[in-house]
Amino acid sequence: MLPALDTLFSVASKAGVENIVACMPHRGRLSLLTDLLQLPPTALFHKIKGGSEIPDDLGATADVVSHLASSPTLQYDGAAKPIHVALLQNPSHLEAINPVAMGKARAKQFSMIRDAAPDCALGDKVMCVQLHGDAAFTGQGVVMETLGLSNLPHYTTGGSIHIVVNNNIGYTTPASGARSSFYCSDIGKMINAPVLHVNGDYPEDVSRAVQIAFSYRNFFRKDVIIDLMCYRRWGHNELDEPGYTSPNMYKRIRNRDSVPKLYENKLIDEGTITKEEASTHRSSYKQHLEENLKAVDQYMPTADMLEGKWDGIVWPTKVEAIHNPETGVEKEKLLKVGQASVETPSDFTMHPRLQRHVKHRLTSLEQGTGLDWGTAEALAFGSLLLDGNDVRISGQDVGRGTFSQRHAMLVDQETEKVVIPLNGLSDKKKIELANSSLSEMAVLGFEYGVSWERPDILAIWEAQFGDFFNGSQVIIDTFLSSAETKWLKQSGLVMLLPHGLDGAGPEHSSSRIERMLQLTNDPYDFPKEGDHNNVNMHVVFPTTPAQYFHLLRRQMTRNYRKPLIVAGPKGLLRLPAAASSLSELTPGTRFRPVLSTLEDSAGDASKIERVVLLSGKLYYDLAKEVAAKGLTERVALIRLEELCPFPFVQLASALGPLRNAREYLWMQEEPRNQGPWTHVSERLKAVFASVGLSTKEVRYAGRPTSAVPATGVAKWHAAEHAALLKRAVEGL
């Protein structure tokens, strides 16, 4: 494997490639890191002996030794420029890193192309290299999903080189039980990728195969696979005994000389080196390792996570971090963006039904009221472009939006030419609308890779329906929610997950917000004055277009990056009551983690008898019910728009004037074992104690526990919803 990669880096560098984004599983990783990618052996020994690869003062948990990474710059003879190789951190979920590497490679290429010569094409300067195990390459579905992206317009990287380290075994499963195909590389047939089968016992043949593979990739800009046929001398690890399950295979392996020994004998037989020179080389290398081992006690890890493109971004725990900046925009700029968002060429034939969409947007902007979610989103995107950021939104049907609410991409009804109106705002900064394949895991991983590479791009993955994220849970668990803590890797990725119980049944109702909240490290205790909780990701449930606008802008206006999980709207997209005014987006405004009807209406707190705490679209139905019963002066509704980090201080401020209420309820449309309740219940106690309400109890008033998010029977859903509304006003 090492000769293969050394050859690949060399020929790529000589061909003008300046950056390689590489990913691989555990097997051979440590040798690659120390022998080719310039990781000091001292750093490796420090980790093996129980040390951390991360400075102690950053509050990280670090990771295991087999997930270490390195990003050296290598200089090869004959190359005009050095080549930078980034081996990415990987989780133990084999192959999950593949789409992340592709996304990072594409993002890097596009940022370089802008400053390159006019004839610079995709793949000229950056190449993605993916290493695989034979069992994982055939067994993990994300491999198929990622290969499926390789030739798509918004996802191709100009061709990846795949090297399958084919040990003919997966843990203890032999090839006969690990795949149905003859070759482990047969999955590549789905994209007609050529395969080079080469015997790993012959390093020079391996090197030649790599040169052929690179030549193919560089000419056709398509993926190519090298099936490196070899064997695993030890078991799954150095302590494992593979002979338990594969006795005959390992009898043969143990009777064979190792590949280095075979090649050494070949070189000696040819007269290229002598036995003494070989022995001296081995002794010298061993001495080098011994010296590094002795230096372990003096080794101090360093952190380089804020270099390069991340220069100017701060670590979230630092005092310089700006957590909730003002995100309003000048009215004139908003009007400019709004107009531009629906402008098309004079010869463009628009779908007749979209004329209403255009008219509504322009009218609402002119009047300054009635701005819907699509308009607020367009204003956020366009203003970010003018601020010097790129925007990329990816997923199934994102151009028009699942609910036909976005229409950021317009298609000529005569020629089918695609126009993206917002791209007329800036010559340099662009919005990319990537209608994706029917994949969740690979596409989310790809967008995550984009966010890893560039802090100056608003990267968004939108699920068709909120629960569709569950096909990508591995990416959320091992990257999105934990990469900052494990690897010091910040990400500003946004996940838009349409959410809401509206009679659609078990599968299209819930974004499983409870799962996202469970993954957070949100503290339970009320913060001390001046403290800021450095949570691993933000989880929000906005109920107005203005709030959504500020959230999108906050992602890029802050001087650090955090993943943002948005339980997004469905029925609220066109609800008149959920519209916003232009004044809510202008200078002096920002995202508000807590919204209170008492605060917004300047009502009399002394008259409030019942306080209903809640999140999400249920607010509008409750507000309508309270008004219909004539109880607006007796019932206060408080919306938690941000669930993580939990808005302790803002909620305490909203509750302070309401200490004399008789009753406090938490209401949600999700079942009791789902939705925000399990996250907020303990934290509400801390807030109540802080405002002198420790003797009061927040009573849950919602659906009972359920094995599914929602019923599939319309009349049952209607009855449940009516009962929910009744609980908010009964007894008053």
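1. With which residue does R406 form a salt bridge? The partner is E377, and the closest N and O atoms are 2.7 Å apart. R406 lies in the loop between β10 (390-395) and β11 (410-411), whereas E377 belongs to helix α14 (residues 373-386), so the pair ties together parts that are 29 residues apart in sequence. Both residues are buried. The model discussed here is predicted.

2. As to overall form, the protein chain contains 24 helices and 23 strands. Its radius of gyration is 29 Å, which agrees with the value near 27 Å that a compact globule of 732 residues would have. Along the principal axes, the C-alpha atoms fill a box of roughly 100 × 65 × 50 Å. Buried residues account for 55% of the 732 residues.

3. Turning to charge, the chain carries 78 positive and 84 negative side chains, with the centres of the two sets 3 Å apart. The count of salt bridges comes to 41. R114, D390, K429, R454 and D456 are linked in a network of such bridges.

4. D387 and R553 meet through their side chains in a salt bridge of 3.0 Å, N to O. Because D387 lies in the loop between α14 and β10 and R553 in helix α19 (residues 545-557), the pair ties together parts that are 166 residues apart in sequence. D387 is partly exposed at 38% relative accessibility, while R553 is buried at 6%.

5. A further salt bridge joins the side chains of E18 and K81 (3.3 Å, N to O). E18 is in the loop between α1 (2-14) and β1 (19-23), and K81 is in the loop between β2 (73-74) and β3 (83-87), 63 residues apart. E18 has 18% relative accessibility and therefore counts as buried, whereas K81, at 48%, is partly exposed.

Conventions. Residues numbered from 1 in each chain as written. Predicted model: local features only at pLDDT ≥ 70, side-chain atom pairs only at ≥ 80, totals over all residues. Heavy atoms only, no water. Helix = DSSP H or I, 4+ residues; strand = E, 2+ residues; numbered from the N terminus. Rg over C-alpha atoms; globule rule 2.2 N^0.38 Å. Buried < 20%, exposed > 50% of the residue type's maximum accessible area, 1.4 Å probe, protein only. Lys, Arg positive; Asp, Glu negative; His and termini not counted. Charge placed at Lys NZ, Arg CZ, Asp CG, Glu CD. Salt bridge = Lys/Arg side-chain N within 4 Å of Asp/Glu carboxyl O.
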